[in-house]
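Thank you all for coming, and please have the sequence and the model open while I talk.

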Amino acid sequence: MKASTVFAGGLAGATAVTLIHESIKAVVPQAPRMDRLGMQAIAKGLRKANKKVPNQQALFTLAMAGDLVSNALYYSAAGIGNEKILWIRSSLLGLAAGVGALVLPEPMGLNKQYSNRTVATQVMTVGLYVAGALATAAVIKMLNKKKQQNHKEWERRLVTSAMG
């Protein structure tokens, strides 16, 4: 698969995760707070590097940008390899990201409550990342189908023009 197709799919998945997360956190009290987890991770890293920690709004912006870039690159991995197992590979990547969001905060010294507060929070956390993975696979499939349709149209034009 083309790198541009794979990255477009990854970016779509990352955007889906971010949009769903930002939407549900506004209305569901048990929603995961991956934004706060990201902000805490950035602040912790800056402190360890003896750098000034920016204000909350700047931390939020950095966390959102970091999430979009890192998730886009991560989800892009779904497009590497055989397209026949794209849905499975993508789903497994989403599941791994979701489980990672549950189990990694505590060993990293971050507040595990942001993704583990309740069972509902845990289910939503995993669901967010699986949803992003499925969006990734759908966009990659759609772009590949469009590319195949364009290729067939070019073949038809080439044959037609060669026949005179």
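This is a predicted model: local features need pLDDT of at least 70, side-chain atom pairs count only at pLDDT 80 or more; totals for chains, interfaces and linings use all residues.

What share of the contacts in the protein chain with a separation of 6 or more is accounted for by residues 24 or more positions apart? That share is 70%, where a contact means heavy atoms within 4.5 Å. Residues are numbered from 1 along each chain as its sequence is written, and side-chain values use heavy atoms, with hydrogens and water left out.

Let us begin with the overall layout. The secondary structure of the protein chain comes to six helices and zero strands, so that from the N terminus on the elements run α-α-α-α-α-α; here helices (H or I, at least four residues) and strands (E, at least two) are DSSP runs, numbered from the N terminus. Of the 164 residues in the chain, 34% count as buried, and by buried I mean under 20% relative accessible area, with exposed being over 50% and partly exposed in between, for a 1.4 Å probe and protein chains only.

Now to the interior. A nonpolar core is a set of buried Ala, Val, Leu, Ile, Met, Phe, Trp, Tyr and Cys residues joined through side-chain atoms within 4.5 Å. The largest one here has 13 residues, and those with the most contacts inside it are Met34, Leu37, Tyr75, Leu128 and Tyr129. Helix H1 (3-27), helix H2 (34-48), helix H4 (86-103) and helix H6 (119-163) are the elements that give two or more residues to this core, and the largest share, three residues, comes from H6. A second, separate core has five residues, including Ala78, Leu86, Ala137 and Ile140. As for Leu37, if we do not count residues up to four places away in sequence, Leu37 touches Pro105, Leu110, Asn111 and Tyr114.

H6 also holds Val139, which is partly exposed, with a relative accessible area of 22%. Val139 and Ala8 are 131 residues apart in sequence, and yet their C-alpha atoms are 7.4 Å apart in space. Leaving aside neighbours within four places in sequence, Val139 is in contact with Ala8, Gly9 and Ala12.

On a 1 Å grid over the protein atoms alone, a cavity is a set of points where a 1.4 Å probe fits but cannot get out, whereas a pocket is an open set with protein on both sides within 12 Å along at least five of seven lines, and lining residues have an atom within 4 Å of a point. Grid points are joined across faces, edges and corners, and a volume is the space filled by probe spheres set on the points.

The largest pocket holds about 500 Å³ of space. It is lined by 20 residues, of which Met34, Leu37, Asp67, Ala101 and Tyr129 are the closest to its centre. The largest share of this lining, six residues, comes from H3.

A search of the whole structure finds one cavity of 30 Å³ or more, and the largest cavity has a volume of about 70 Å³. Its lining consists of Val17, Thr18, His21, Met34, Asp35, Met64, Asp67, Asn71 and Tyr129, and the elements that give two or more residues to that lining are H1, H2 and H3.

Asn71 deserves a separate word. Asn71 sits in helix H3 and is buried, with a relative accessible area of 12%. Not counting residues up to four places away in sequence, Asn71 touches Gly10, Ala14, Val17, Gly66 and Tyr129.

Which aromatic rings pair up, and how are they arranged? The search finds one aromatic pair, and the rings of Tyr74 and Tyr75 have their centres 5.8 Å apart and their planes at 65 degrees, so the pair is edge-to-face. For reference, rings of Phe, Tyr and Trp (its six-membered ring) pair if their centres lie within 6.5 Å, and planes under 30 degrees apart count as stacked, over 60 as edge-to-face and the rest as tilted. Tyr74 is partly exposed at 31% relative accessible area, whereas Tyr75 is buried at 1%.

Finally, please find Asn50 in the loop between H2 and H3. Asn50 has a positive phi of about 55 degrees although it is not a glycine, and Asn50 is exposed, with a relative accessible area of 72%.
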